[in-house]
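Trainee: Could you take me through how to read the inside of a protein model, starting with its core?

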Amino acid sequence: MRVLHNFANNEHHGGHGLGDCVMFTSVIQHIKQQLPDWDQHIAVSHGKQSIFDVPAYLLGKQPKNFDKVIWHPWSECYTVYPNLTSTKTTKCLQELKLSPNWDLLSYKIPISDNAHAAADTYLNTLPENKGFVIIHYQGNTSYTYKSIDH
């Protein structure tokens, strides 16, 4: 069955941020294990497609020929689950009627050889004997709450 995960609050939302997309990789892992007949695809906001190890499309640009489309509002988890983490990931798994597996409650992002090489090239330009801090100071979702004025 071809399944599209629309990773947005609703049809009019621009999509979730980077952190939420990374957390959703755990849900993808659970679905692969527990629903192996699902041919998974995902639609996300700009710049998030490479996070996933399933076919990923820009929201609004995805093909239309899916057997099932699931909207993921990815809202906060206010439920305390016994013996589980009370996270958006766990909440989504419960909504999908999947059994959380501790071995899969982690995030996995495929990193290409080119990306590794680019990071190594950049790191090699930094001073060897001095410490440094990398700060992500500008959010692309909820930026009024996340971004640092500079």
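Trainee: Which residues have the most contacts inside the largest nonpolar core?

Mentor: In soluble globular proteins, nonpolar side chains tend to be buried together. In this predicted model, the largest nonpolar core has 20 residues, and those with the most contacts inside it are Phe7, Phe24, Val27, Ile42, Phe52 and Trp74. A nonpolar core is a set of buried Ala, Val, Leu, Ile, Met, Phe, Trp, Tyr and Cys residues joined through side-chain atoms within 4.5 Å, where buried means under 20% relative accessible area (1.4 Å probe, protein chains only).

Trainee: Which element supplies the largest share of this core?

Mentor: Helices are DSSP runs of H or I with at least four residues, strands are runs of E with at least two, and both are numbered from the N terminus. The largest share, seven residues, comes from α1, while α1 (18-34), β2 (39-44) and α2 (88-95) each supply at least two.

Trainee: How many residues of α2 are buried, and against what do they pack?

Mentor: Six of the eight residues of α2 are buried, among them Cys92 and Leu93, and the buried residues pack against α1.

Trainee: What should I keep in mind about the numbers?

Mentor: Residues are numbered from 1 along each chain as its sequence is written. Local features need pLDDT of at least 70, side-chain atom pairs count only at pLDDT 80 or more, totals for chains, interfaces and linings use all residues, and side-chain values use heavy atoms, with hydrogens and water left out.

Definitions and conventions
Buried means under 20% relative accessible area, exposed over 50%, partly exposed in between (1.4 Å probe, protein chains only). Contact means heavy atoms within 4.5 Å.
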